[in-house]
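Hi there,

Here is the structure I promised to pass on to you. Please open it next to this email, and we can walk through it together.

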Amino acid sequence: MRAFLPVFPFLLGAVSLLARAEERHLGPHVHGQASVNVSVDQHAMDVEVRLPGHDAVGFEHPPGSAQERDAVAKATATLKAAAWLVPPQGAGCTLASATVSPHGFGGAAEPGGHADFDAAYRYTCLKPARLDHLEVRLATAFPAVRKVVVNLITADGSDQKVLDGSSSGVDLPQ
């Protein structure tokens, strides 16, 4: 898991523990399944995503054609735009930063032949009290994703939600 700049190291640690527990149970790389970690503290919301390369672009090797390079670029742009994550409008959240790292699509394949997209986002929310839910539309953006495991940490607690392809709403601990 790639770390993002946390508001509180405790929150990052808790999210990391939840994610690692999920990885031990399901394995670190499961086709058809993405993981999303959300940490909210005051006016900041940090989000991490891990998406198997196969689910994003249909392959897990360095691109060998212009079409495959375009697929990696399109998936990177889709993740970077972050339109797949929709906070409630009343919370006044804006995307402050987004970083997307495609792994395993470079000159050499990753060990085990896997490729992933990791993304980290920082949002600022003007009215965090209204940040009570999120729409996580990763399965809409990447139709090969059949399941999204969402780990949530707020000052009020933690939770884990598992979304199938037909659901996208997640309530934050209040």
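Let's start in the strand β1, where Gln33, Ser35, Asn37, Ser39 and Asp41 point one way, while Ala34, Val36, Val38 and Val40 point the other way. Both sets are buried, which means under 20% relative accessible area, whereas exposed means over 50% and partly exposed lies in between (1.4 Å probe, protein chains only). In a regular strand, side chains alternate between the two faces of the sheet. Nine of the nine residues of β1 (residues 33-41) are buried, so the strand is largely enclosed by the rest of the structure.

A word on what you are looking at: this is a predicted model, in which local features need pLDDT of at least 70 and side-chain atom pairs count only at pLDDT 80 or more, while totals for chains, interfaces and linings use all residues. Residues are numbered from 1 along each chain as its sequence is written, and side-chain values use heavy atoms, with hydrogens and water left out.

Which strands pair with β1? Strand β7 (residues 147-154) pairs with β1 in the parallel sense over seven bridges, and valine 38 has leucine 152 of β7 as its bridge partner. Two strands count as paired if DSSP finds at least two bridges between them.

The hairpin of β1 and β2 has two residues between the strands. One to look at is glutamine 42, in the loop between β1 and β2, with a positive phi near 50 degrees in a residue other than glycine. Is glutamine 42 buried or exposed? At 59% relative accessibility, glutamine 42 counts as exposed.

Now step back to the whole chain. It has four helices and nine strands, where helices (H or I, at least four residues) and strands (E, at least two) are DSSP runs, numbered from the N terminus. From that end, the elements run α-β-β-α-α-β-β-β-β-α-β-β-β. Of the 174 residues, 45% are buried.

Next comes a sheet. Three strands form an open sheet in the order β3-β6-β9, with antiparallel pairing. β3 (85-86) and β9 (169-171) stand at the edges with a single partner strand each, so one side of each is left without a neighbour in the sheet. Two bridges join β3 to β6 (residues 133-136), and valine 86 has glutamate 135 of β6 as its bridge partner.

Finally, please look at helix α3 (residues 66-81). At 1.5 Å a residue, its 16 residues should span 22 Å, and its end C-alpha atoms are 22 Å apart, which agrees; the expected span is 1.5 Å times one less than the number of residues. Val72, Ala75, Thr76 and Leu79 are buried in α3. Seen down the axis, the buried residues of α3 fall within an arc of 100 degrees, so they line one face of the helix; the arc is that of the directions from the helix axis to the C-beta atoms. The face turned away from that buried side carries the exposed residues Gln67, Asp70, Lys74 and Ala81. Among the elements covering the buried residues of α3 are β2 and α2 (53-57).

Alanine 82 is buried, with a relative accessible area of 5%.

Happy exploring!

Key: Contact means heavy atoms within 4.5 Å.
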